[in-house]
Amino acid sequence: EKGTYPNYMLKEIDEQPLVMRKIVQAYQNENNELTIDIDIVNAMNEADRIYIVACGTSYHAGLVGKQFIETMAKIPVEVHVASEFSYNMPLLSENPLFIFISQSGETADSRSVLVQIKEKGYKSLTITNVQGSTLSREADYTLLLHAGPEIAVASTKAYTAQIAVLSILANVTGKSRGIDFDFDLVQDLGIVANAMEVLCDKKEEMEDIARKFLATTRNCFFIGRAVDYYVGLEGALKLKEISYIQAEGFAGGELKHGTIALIEEGTPVVALATQESVNLSIRGNVKEVAARGANPCIISMKGLEDDEDSFIIPEVNELLTPLTSVIPLQLLAYYAALHRDCDVDKPRNLAKSVTVE
Ligand code: F6R
């Protein structure tokens, strides 16, 4: 039940810190160490390449997951949109492992790929919020999100739960391969949960930002580099699906290859700056769009901030910033939709689980 909340989306955004803590608990053993079913860890280690297959928001979580698995477990990963995979199948490696990411576990596009790869005899793992769902039953292994039911059509807490579970899977697999980490994931996810709480308390600030940047706009662009690019894609999807503002996410470096032509006087451009290695370059992109009249809204992480920034997120492990930087974007979409009198929980033309291909 949504209790005192005006809708499910806001409630589910607010549940994210709690979900982070639940996930850490669910994946901890009696010594408070993170663990994953040994069969799954073995399947990860036997794979010469991992193929992540998903749709929409879950696909965006998969892009972040690739980063985790490649950095923490050093296994090569490809991420694919399920609907394209069947006819655009890449040349597969000799020992692939397929990871299906699906909140509902019922998405037909993903299931169709699962059926095909099972016929070829390949192993599969489903990461889902719904125990006993089709994708969970039909795959060899399942990891649960522990996010609780997600009712609003726009996915919020399932996205951050997927990213957290993927970080644990990558970390535990990496450790099993003898890879050393200079950070403690349990501690860092705890810091993330606290940061999420701080962010969820900044609703008024985000509502003001939504009003300032999105009140009358027809479109909005999201730019970022490295992992911020992936979060930008998710921010754009959230905004378009619930507020109907045309929104697109781009890699900062791609702007000059075409998209910059769309910048007009007053076009809002949301820029994410959470990664030290690309901080200067993304700020360069902001200058480029501002010089052409854009209205830039910079969301940066503490430590990398600048006077011109609109919003600063607390500092967390740089690998884990998608868990925090997405929250202001969720709230931005939420308030933009609310201000336009849109039905936030049930946007037009969309269904919570897409059971047709
Ligand atoms: C966006 C959204 C969709 C879903 C997509 C996949 O907010 O909710 O893009 O992420 O339809 O759904 P699942 O994860 O259930 O397979």
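## Aromatic pairs

Eight aromatic pairs are counted in this structure, which is a predicted model. One of them joins F98 and Y122 in a stacked arrangement, with 6.1 Å from centre to centre and 25 degrees between the planes. The label "stacked" applies because the angle between the planes is 25 degrees, and planes under 30 degrees apart count as stacked.

This pair connects distant parts of the chain, since its two members are 24 residues apart. F98 belongs to strand β3, which covers residues 96-102, whereas Y122 sits in the loop that runs between α6 (108-119) and β4 (123-128).

## The shell around the ligand

The ligand has 13 residues around it, and of these S58, S102, S104, T107 and E241 come nearest. Sorted by class, the shell is made up of eight polar, three nonpolar and two charged residues.

Two helices, α4 (56-73) and α11 (227-243), each contribute at least two residues to this shell. The greatest contribution comes from α4, which provides three residues.

T57 takes part through its backbone instead, with a polar backbone atom 3.1 Å from an oxygen atom of the ligand.

Taken alone, the ligand would expose 410 Å², and the protein buries 89% of that area. The space that the ligand takes is also the largest pocket.

Methods:
Residues are numbered from 1 along each chain as its sequence is written. This is a predicted model: local features need pLDDT of at least 70, side-chain atom pairs count only at pLDDT 80 or more; totals for chains, interfaces and linings use all residues. Side-chain values use heavy atoms; hydrogens and water are left out. A residue is near a molecule or strand if one of its heavy atoms lies within 4 Å of it. A polar contact is a pair of N or O atoms within 3.5 Å; within protein, one must be able to donate a hydrogen and the other to accept it, and residues adjacent in sequence count only if both atoms are side-chain atoms. Accessible areas come from the Shrake-Rupley method with a 1.4 Å probe; for residues, only the protein chains shown count as cover. On a 1 Å grid over the protein atoms alone, a cavity is a set of points where a 1.4 Å probe fits but cannot get out, and a pocket is an open set with protein on both sides within 12 Å along at least five of seven lines; lining residues have an atom within 4 Å of a point. A molecule sits in a cavity or pocket if more than half of its atoms lie within 2 Å of its grid points. Helices (H or I, at least four residues) and strands (E, at least two) are DSSP runs, numbered from the N terminus. Ala, Val, Leu, Ile, Met, Phe, Trp, Tyr, Cys and Pro count as nonpolar, Asp, Glu, Lys and Arg as charged, and the others, Gly among them, as polar. Rings of Phe, Tyr and Trp (its six-membered ring) pair if their centres lie within 6.5 Å; planes under 30 degrees apart count as stacked, over 60 as edge-to-face and the rest as tilted.
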